[in-house]
Amino acid sequence: MSSSDTEEFDVICVGAGYSGLTAAYKLLKARPNLKVCVLEAKDRVGGRTVSQKLKCADAEGNDDEWEWDLGGQWVGSNQQAIWQLLQELDVGTYKQHVNGAKCIRLDSDSKTLTYKSTLPSIGVLSTADLGQMMLRIERLIKTINVTDPWSHPEAEYLDSITVTELLNKYSWTTKVKDMVKAAVRTIFGADMSQINALYFLVYCASAGSLREVLEATPGTAQEYKIKGGAQAVCQKMITDHIGASNVELSTPVTKIEQFDEMVTISTLTKSKVYHAKYVVVATPPHLTSSIEFSPALPYNKQRIHQFMPMGHLIKVIATYRKAYWKIHGYSGEVVTTDPMAAQTGALSIVYDSSSERGHPALVAFIGGDQATMWGDKSVEERRSAVLKSLSEHFQIKELLQPIEYVEKDWAKESYNGGCPVNTVSPGAMKFYSQLQATTYSRVEFAGTESSSSCCGFLSGAVHAGTRAANKILEKLPAEEETS
Ligand SMILES: Cc1cc2nc3c(=O)[nH]c(=O)nc-3n(C[C@H](O)[C@H](O)[C@H](O)COP(=O)(O)OP(=O)(O)OC[C@H]3O[C@@H](n4cnc5c(N)ncnc54)[C@H](O)[C@@H]3O)c2cc1C
């Protein structure tokens, strides 16, 4: 401490989501004597992960309470960074329940259809279209260099079109387009017409493939859930390694000033100025642009931040006395554009969300244009539309009466402004290399959107946080630690 108005650190991490906390954890794991601090704008840690205790029934049907994830929840065994972190922290996982019949209802369907095969029951022509579309898009994804997408021979063209136009080129049936529409709404919280096609391909390539993004089968993104909830991993990094006193909540960073020997940080709520040798900025791009940098960030880096809007996703959990869908032979999975609800339907994707102890629950998503429409309605209206849809898809009247219904509209939380990920607007991928240029003198940028491995996922956040920590460890000689 140099004076009452300043405090000195080796490293300050901005943002206590998975990425900022991983950076702090990895730094301290490698060098326990480093003085590391995490500054977080919200009054809680976890960023885009948060858990909430809900009333529910145990596997025998008795009253109970359990925690559910209202933000990020799924991890895949193919997602190396998060998988390794969970192992290091000794945090367990459990399988997403997928056994049983699945449901699909798209705009052109007069009723919900069920199927048990891998491919949905959308008719012979549409099934053939789905197969060829997946094959050709996967081939295209394989040609994308995630760390240099602009080197692709068709980069300029792909940058100029949206996912809608990409799909129009690769698919000819309405049903396949509707299926992708439902999936994209949940994955990005945006509609296909709002997402840059080249960015969509980079996102899939960084996850491995389109299949790995979409499915809940072994080796894909929805394969497992985290025991104890996703937010608990952040808390464990703090209690076991970082130390609660080194995480300052309700401290939004407003200014980052770089000098030859150090960086200074000013915040909205604290009068003191923080000094650090290095800083990790682990905030989503649209929020990074509200921090003042001196000297200013390169203009094209500012531009890519401004061209990356956050999606809009509302996540719903409904707990039930019994897993009625399983009793009726369903897995709990629904893919829908939900034409039965008024105007734009409420739901896009539904999954079984039963806890690791078997407390029955469903998780449902309202995303993109659906969230735009339903986000402005009252909770009662949304609740009624969601439960009606669930009950009609599965033809189970008990689904109208959950033990507890909870929803989280991420657009309404400060220092979030939507969810689950930032996308890139059409025409802006030409600035993307600036998002991937993560070192700016003494500042390292992290956050899932900056990752070349599973960008947009929890794993991408961990990957980016680890990358930032490793770069700082290379630059910070051991003898320079602040005592
Ligand atoms: C509903 C939902 C479902 C999702 N489902 C999945 C899933 O199943 N699997 C998966 O892998 N991913 C999922 N995701 C995405 C996943 O949650 C994110 O990729 C991940 O949490 C991002 O971590 P991050 O640390 O990069 O960013 P964040 O979690 O956004 O953390 C950034 C932190 O920075 C803070 N901050 C912002 N500005 C400032 C400032 N000026 N000063 C200080 N602090 C600031 C924020 O408050 C926040 O805490 C989902 C997300 C949502 C919302």
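Two strands are taken to pair if DSSP finds at least two bridges between them, and strands (E, at least two residues) as well as helices (H or I, at least four residues) are DSSP runs numbered from the N terminus. The structure described here is a predicted model, in which local features need pLDDT of at least 70 and side-chain atom pairs count only at pLDDT 80 or more, whereas totals for chains, interfaces and linings use all residues. Residues are numbered from 1 along each chain as its sequence is written, and side-chain values use heavy atoms, with hydrogens and water left out.

Strand β5 is joined by 2 bridges to strand β9 (residues 224-226), and these two strands run antiparallel. Within this pairing, Trp74 stands opposite Lys225 of β9. Both strands belong to an open sheet of 3 strands with the order β5-β9-β6 and antiparallel pairing. The edges of the sheet are formed by β5 (74-75) and β6 (93-95), each of which pairs on one side only. In general, the strands of a sheet pair through backbone hydrogen bonds, either parallel or antiparallel.

A polar side-chain atom of Arg48 lies 2.7 Å from an oxygen atom of the ligand, while a polar backbone atom of Gly456 is 2.8 Å from a ligand oxygen atom. A nitrogen atom of the ligand, in turn, is 3.1 Å from a polar backbone atom of Ala41. Of the 1,000 Å² of accessible area that the ligand has on its own, the protein covers 97%, as calculated by the Shrake-Rupley method with a 1.4 Å probe.

Phe188 and Tyr199 form an edge-to-face pair, at 6.3 Å centre to centre and 65° between the planes. Because Phe188 lies in helix α6 (residues 174-188) and Tyr199 in helix α7 (residues 197-207), this pair ties together parts that are 11 residues apart in sequence. Phe188 counts as buried at 1% relative accessibility, the term denoting under 20% relative accessible area (1.4 Å probe, protein chains only). The rings of Phe188 and Phe200 have their centres 6.0 Å apart and their planes at 50°, so this pair is tilted. Phe200 is likewise buried, with a relative accessible area of 6%. Ring pairs link Phe188, Tyr199, Phe200, Tyr203, Tyr432 and Phe457 into a cluster.

Notes. A polar contact is a pair of N or O atoms within 3.5 Å; within protein, one must be able to donate a hydrogen and the other to accept it, and residues adjacent in sequence count only if both atoms are side-chain atoms. Rings of Phe, Tyr and Trp (its six-membered ring) pair if their centres lie within 6.5 Å; planes under 30 degrees apart count as stacked, over 60 as edge-to-face and the rest as tilted. Buried means under 20% relative accessible area, exposed over 50%, partly exposed in between (1.4 Å probe, protein chains only).
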